[in-house]
Amino acid sequence: MRWWGWGDPAQPPALGPRALSYLREHVGISERPHPPVALARVGLAPSRLDEGQLDRLRAILGPDGVSVEHPIRVLHAAGKGYPDLVRMRAGTPEGAPDAVVFPRSHEQVMALLRACSSASVAVVPFGGGTSVVGGVAPLSGGHSAVVALDTRRMAELLALDTRSRTVTVQGGIRAPALEGKLAGHGLTLGHYPQSFEYVSIGGCAATRSAGQASTGYGAIEKMVLGLRLAAPAEEISLEPLPATAAGPGLRQLLVGSEGTLGVLTEVSLRVRRAPSTGVYEGMFFPSFAEGVEAIRRLAGEHTLLPDVVRLSDERETQLSLMLAEQGPLKGTLTRAYMGLRGVSGGCLAILGFEGSEEEVSWRRTRATELLRRHGGRPAGGSPGHAWLKGRFAGPYLRDDLLGHGVMAETLETAAQWSKLLEVHSAVAGAISRALSRQGTPGIVMCHLSHVYETGASLYYTLLARQREGQEIAQWQAVKQAAGDAIRDSGATITHHHAVGRDHAPWLPGEISGGGVATLRAAKAELDPAGIMNPGKLL
Ligand SMILES: Cc1cc2nc3c(=O)[nH]c(=O)nc-3n(C[C@H](O)[C@H](O)[C@H](O)COP(=O)(O)OP(=O)(O)OC[C@H]3O[C@@H](n4cnc5c(N)ncnc54)[C@H](O)[C@@H]3O)c2cc1C
């Protein structure tokens with residue numbers, strides 16, 4: 001993973017000349033390259049942990065279980081949100097953990113949390129480190145030091161019950177590794193966030209993550225059946241039961257707890273038979289409003305919903321088609337688009353059906369009929385293949401954009417069908433106005449995805465020329481405007497990116513004072529010294 005950005009450092013630049021000239025015209029780019037500084041130039045304060053304290057941690061984890069090396073601390077200094085990348089590229093992270101620790105088991109985590117609690121050292125659980133909301137920011141919260149607890153060595157598959165279709169894993173296992181192991185048994189979890197290549201399953205559970213196929217497979221909270229939590233004062237063990245009426249849903253209290261209550265050391269999940277067929281295709285709608293209405297009607301017939309549903313608004317459709325004409329998607333969407341020249345403007349939906357051939361054919365025929373009755377025009381398989389091919393490419397593009405002095409940020413929400421169009425324009429309008437006030441108008445685009453019977457998620461992407469030297473202030477102004485617009489329109493501050501540090505100011509408004517007090521009470525029992533991920537969620 002690039003310490004200053006996303007993914008494999010060997011990945012070539014993704015922005016071609018056509019995209020650059022589009023950006024030059026519509027957004028404005030810097031003609032001067034903006035490369036990241038060299039790793040050695042990233043300045044970190046010396047570790048505040050003395051040798052005696054480090055030895056106590058080594059006594060629990062072994063000599064190779066604790067690191068204070070500069071590159072390791074840098075890698076754990078931030079997540080992968082836009083402000084994280086701006087700071088990292090400049091070599092000026094907000095801070096860094098005083099040490100990084102690598103436990104291997106639940107028992108080691110328990111011992112470590114007890115030791116940190118008595119020494120007043122804060123602990124930030126660190127899975128894939130892909131948080132985009134400041135979830136892994138190394139905040140000490142008034143404690144004497146902070147360690148990042150990297151879960152990568154807790155990556156075992158502990159149990160697979162093929163008869164019940166459940167799997168139990170250690171929290172640090174990465175999503176691709178788990179899918180690889182399940183594939184050997186003809187099974188899948190079906191959890192594919194755009195950050196799939198790097199996320200840990202514990203991190204996904206801790207953030208209530210939603211994969212791109214969540215309309216069909218459900219978001220992670222629908223998959224988690226059992227959990228093991230190691231907390232400084234207690235531990236919680238919940239068996240992978242199919243259902244239970246034994247009191248309030250403790251599993252759901254821990255899913256989304258974002259490392260503030262403890263570390264999810266083990267997670268049990270429902271798995272499904274791997275699909276034998278996948279059909280991915282495009283459909284055009286005359287407008288975003290008409291596409292939303294058609295998908296709302298489809299969601300009312302929930303057995304017909306595709307596993308992936310993604311409807312781009314007019315602006316996003318335009319940009320996707322332009323990008324498809326060059327770069328990694330070359331030659332796929334273009335052909336479909338050329339064949340559909342009759343469509344003037346409009347909005348592209350991607351629909352993905354997975355399952356057995358018979359089941360996919362049944363669902364797809366009926367879903368297509370319904371969508372056609374409500375204005376959909378099938379656009380064939382090319383748009384679907386283009387989307388599949390590029391489904392994990394976005395984060396690489398973001399690195400290139402930053403390299404050209406372009407702010408590239410995403411944010412998301414969810415709302416009921418009755419409010420969705422209102423939310424769509426209120427939030428897009430607030431972002432556009434905030435960008436204009438900064439003197440950097442740019443592009444704001446959105447797609448609907450993660451469809452439920454009662455509503456859906458809206459996911460915004462914004463591109464604007466960076467205000468040089470003012471990048472963080474520019475981002476803060478936009479984030480504030482978007483968060484306030486989301487709150488004022490009665491939508492959720494986050495559908496799947498979680499709360500972390502960046503969304504925490506809006507949480508009390510969403511869950512009310514009593515909700516915050518309940519979460520604080522749980523934290524006080526499990527983590528009385530308040531060492532777990534301070535400054536996040538609450
Ligand atoms: C380019 C990009 C695309 C993304 N796309 C999606 C998407 O499609 N869907 C989506 O849901 N999210 C997406 N995200 C956000 C992010 O990937 C998710 O929040 C993911 O679930 C985080 O997993 P992780 O293992 O990287 O956790 P981390 O980033 O390491 O941690 C996230 C939070 O969980 C805590 N945590 C981590 N592991 C544990 C544990 N074992 N026990 C307790 N707490 C823990 C951390 O302290 C932190 O607060 C995206 C992020 C990026 C950068």
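Predicted model: local features only at pLDDT ≥ 70, side-chain atom pairs only at ≥ 80, totals over all residues.
Residues are numbered from 1 along each chain as its sequence is written, and side-chain values use heavy atoms, with hydrogens and water left out.

**Figure 1. The shell around the ligand.**
Helices (H or I, at least four residues) and strands (E, at least two) are DSSP runs, numbered from the N terminus.

An oxygen atom of the ligand lies 2.8 Å from a backbone N or O atom of Gly-128. For Glu-258, a backbone N or O atom lies 3.3 Å from an oxygen atom of the ligand. A polar backbone atom of Leu-264 is 2.8 Å from a nitrogen atom of the ligand. The ligand taken alone exposes 970 Å², and the protein buries 97% of that; accessible areas come from the Shrake-Rupley method with a 1.4 Å probe.

**Figure 2. Aromatic rings.**
The structure holds four aromatic pairs. Rings of Phe, Tyr and Trp (its six-membered ring) pair if their centres lie within 6.5 Å, and planes under 30 degrees apart count as stacked, over 60 as edge-to-face and the rest as tilted. The Tyr-192 and Phe-196 pair is tilted, because the ring centres are 4.6 Å apart and the planes stand at 40 degrees. Phe-196 is buried, with a relative accessible area of 9%; buried means under 20% relative accessible area, exposed over 50%, and partly exposed in between (1.4 Å probe, protein chains only). Together with Phe-392, Tyr-192 and Phe-196 form one aromatic cluster. The charged end of Arg-391 sits over the ring of Tyr-192, 5.0 Å from its centre (the criterion is CZ of Arg, or NZ of Lys, within 6 Å of the ring centre and within 35 degrees of the ring normal).

**Figure 3. The pair of Tyr-280 and Trp-387.**
These two residues form a stacked aromatic pair, with 5.9 Å from centre to centre and 20 degrees between the planes. Tyr-280 lies in strand S12 (residues 277–285) and Trp-387 in helix H15 (residues 382–389), so the pair ties together parts that are 107 residues apart in sequence. Both Tyr-280 and Trp-387 are buried.

**Figure 4. Thr-188 and Cys-347 in their strands.**
Thr-188, in strand S7 (residues 187–188), counts as buried at 5% relative accessibility. A polar atom of the Thr-188 side chain lies 3.0 Å from the backbone nitrogen of Gly-190. Cys-347 belongs to strand S14 (residues 347–355) and is buried, at 0% relative accessibility. Between Cys-347 and Phe-285, which are 62 residues apart in sequence, the C-alpha to C-alpha distance is 5.2 Å.

Methods. Polar contact = N/O pair within 3.5 Å; in protein donor to acceptor, adjacent residues only side chain to side chain.
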